[in-house]
Amino acid sequence: MSPVLQAQGLVHRYGDFRLEVPHLEVYAGEILAVLGPSGSGKTTLLRLLAGLLSPEEGQVEGGFRAYLPQTPPLLQRSVLENAAFGLWLRGVPRHQALARAFRLLEEVGLEGKARQPAHLLSGGEVVRLALARTLLVEPAALLLDEPTASLDPANTLKVEAMLKEAAEGGRGVILATHDLFQVRRLAHRVVFLFQGQVVEEAPADRFFQSPRDSRSQAFLEGRLLP
Amino acid sequence: MEAAELLEISLRSLWVAGLATLLAAFPAVPLGLWLALKGGGGIFGRILLYAGLALPSVVVGLFFYLLLSRSGPLGSLGLLYTPYAMVLAEAVLAFPLIAAFVLSGARGRVEEVRLLVRSLGGKEGQVLPTLFWESRRTLAAALAAGFGGAISEVGAATLVGGDIRHHTRVLTTAIVVETRKGELESALALGFILLGVALLVTALLVILERE
């Protein structure tokens, strides 16, 4: 099976910080968690993989990947128009885009709010809307930066269900998060970053049961400082 | 001053300022958005643009007078002492107002809009039209500011329009004439009409913005 996203020899620098990722890939149907303390380079890595930042060295290959930032930007438009925005960018005619967006809003339980301004949504609804908008453009890989960081447990579970469904639908998912319980619930594999370096990469079960690097172990035990 | 003449002057003021605002907006809005996309156009670009806000209207009037006078480079067009000359001068005065408003309103949203467009697979070229739509509330304010600057302008209008009765007289120049004649009641009435027109157009823009 070939990966939907593959990175080789990535190097990115800003100031004194240097991010180095020799090799990383994600396969269709897989959820890969990127773990690490604050400032370890998770967001930078996702932005490099999404093509929003250009690496100094290395390359990223694969199909179209969409990126969902921690605070999803909203347009000053209705929920429905926000959902359809990615399709408009691709030149899908307005009525078709709105019809497809509405169907997806029904799936994520936001159809009742389709006509209201998007800025009136709650935090959990904003993330569901943003995720729906991202899924609508059918990315091969989905890159998510702490999507549930500010959500309550009920909304977190709803978003996690969407992520699982996306992976089961054949997308590769890369999820940067601090939520270890979430990683246990969702991830197939874990990449652990510390100070811009990949310290460990392992299947999720093995990572939690017997982390091989002392820094991974310290992180899981809450002893690792950035 | 008769009611018919008052109406004529008011309508002329409205269309001269309105046309000047539209003429200025066509280059000023894209310029403001483009400067916002380029991080504000650098300190030099911003100084230049904001200096335009303090552009003395008589200097602009003098410039257009020299340009459009019979011996000037554009004298053959025969525009001096016509409402069109006033439109041109007022457009130049409205231009920096509109561009500066658009720049200051759009600047704060550039990174957010760019991130959204790019993260959904859009191209860099799609950022500008998205930013344009997202800045529509600022656009209404920018147009209101441009229109306000144009309709309240008197120096350039006098120099290039000449305040000719039934031809180039507008509310501001009429106020000056009536005041000089000692017709303070008429001047005051014209002043209130000017305020009313400015308020009406601004209200219209605000309503359009809400829609």
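Helix H1 of chain B bends by about 40° at B:Ala25, and a proline, B:Pro27, follows within four residues of that point. This description rests on a predicted model. The helix itself covers residues 3-37 of chain B, 35 residues in total. From its first C-alpha to its last it reaches 49 Å, close to the 51 Å expected at 1.5 Å a residue. Just after H1(B), the backbone at B:Gly39 takes a positive phi of about 75°.

Chain B also meets chain A. Eleven residues from chain B and 15 residues from chain A make up the contact. On the side of chain B that touches chain A, helix H5 (residues 110-119) of chain B supplies the largest share, namely six residues. Sorted by class, this side of chain B has four nonpolar, four polar and three charged residues.

Is A:Leu135 buried or exposed? A residue counts as buried if 20 or more other C-beta atoms lie within 10 Å of its own. A:Leu135 has 23 other C-beta atoms within 10 Å and is therefore buried.

The surroundings of A:Leu135 include residues from elsewhere in the sequence. Leaving aside residues up to four places away in sequence, A:Leu135 touches A:Leu104 and A:Ala166. A further pairing is that of A:Leu135 with A:Ala83: these two residues are 52 residues apart in sequence, and their C-alpha atoms are 9.6 Å apart in space.

Notes: Residues numbered from 1 in each chain as written. Chains lettered and ligands numbered in written order. Predicted model: local features only at pLDDT ≥ 70, side-chain atom pairs only at ≥ 80, totals over all residues. Buried ≥ 20, exposed ≤ 12 C-beta atoms within 10 Å, placed from the backbone. Contact = placed C-beta atoms within 7 Å. Helix = DSSP H or I, 4+ residues; strand = E, 2+ residues; numbered from the N terminus. Nonpolar A, V, L, I, M, F, W, Y, C, P; charged D, E, K, R; others polar. Expected span 1.5 Å × (residues − 1). Bend = angle between axes of the 7 residues up to and from the residue.
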